[in-house]
Amino acid sequence: DRDLTDIDNRQVQLVDVVPKGKYVLIDFWASWCKPCRQEMPTIKHALQKYPNNFAVYAVSLDDKREAWQKAINEDSTQIFKHLIGTYPNGQRSRLLRQLNIKVIPTNFLIDKEQRIIAKDLRGERLIQVLDSLIQK
């Protein structure tokens, strides 16, 4: 069940796209969520600091594709892998329902074996956790 769509409008499944061997932040956000958008500079900083060990998958809850793409451009987050977690009718995908995503911002940090090791890392905390994991 491919229940996410990437920026090129391809249907994907999170488990197929998330790379093994890297730490991955799966960030649930939306263009209309101010606290979500305020996290973007920190997440970008983390990605620039650890380009080889870290990846970001931003899963949007937007139901309007134009608003989603506009936010990506405004925040210059093209370096993230962008996915949308809603169907064109605005319904949330199976993944969002399974993970019980009700509030955003929400994020999960996944280790190199694709296990969730942290949740809701914001601001400096994200950098601190990555520092402790990667600078071993």
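Predicted model: local features only at pLDDT ≥ 70, side-chain atom pairs only at ≥ 80, totals over all residues.
Student: Which residues of helix α3 are buried?
Tutor: Buried means under 20% relative accessible area. In α3, residues 65–74, that group is Arg 65, Trp 68, Ala 71 and Ile 72. They span an arc of only 130° around the axis, so they lie on the same side of α3.

Student: Which residues are exposed on the other side of α3?
Tutor: Glu 66 and Lys 70 are exposed there.

Student: What covers the buried residues of α3?
Tutor: The cover includes strands β1 (4–6), β3 (23–29), β4 (54–60) and β5 (81–84). Helix α2 (34–49) is also part of it.

Student: What follows α3?
Tutor: Ser 76 does, and its phi is positive, near 50°.

Student: Now Thr 5. Where is it, and is it buried or exposed?
Tutor: Thr 5 sits in strand β1. Its relative accessible area is 5%, so Thr 5 is buried.

Student: What does Thr 5 contact?
Tutor: Skip neighbours within four places in sequence. Thr 5 then touches Arg 10, Gln 11, Arg 65, Trp 68, His 82, Leu 83 and Ile 84. Arg 65 and Trp 68 are among the buried residues of α3. With Gln 11, Thr 5 makes a polar contact, side chain to side chain, at 2.9 Å.

Student: In which sense do β6 and β7 pair?
Tutor: Strand β6 (residues 106–110) and strand β7 (residues 116–119) are antiparallel, over three bridges. Leu 109 stands opposite Ala 118 in β7.

Student: How many residues lie between β6 and β7?
Tutor: Five, and the two strands form a hairpin. In the turn, Gln 114 has a positive phi of about 65°.

Methods. Residues numbered from 1 in each chain as written. Heavy atoms only, no water. Buried < 20%, exposed > 50% of the residue type's maximum accessible area, 1.4 Å probe, protein only. Helix = DSSP H or I, 4+ residues; strand = E, 2+ residues; numbered from the N terminus. Arc of directions from axis to C-beta. Contact = heavy atoms within 4.5 Å. Pairing = 2+ DSSP bridges. Polar contact = N/O pair within 3.5 Å; in protein donor to acceptor, adjacent residues only side chain to side chain.
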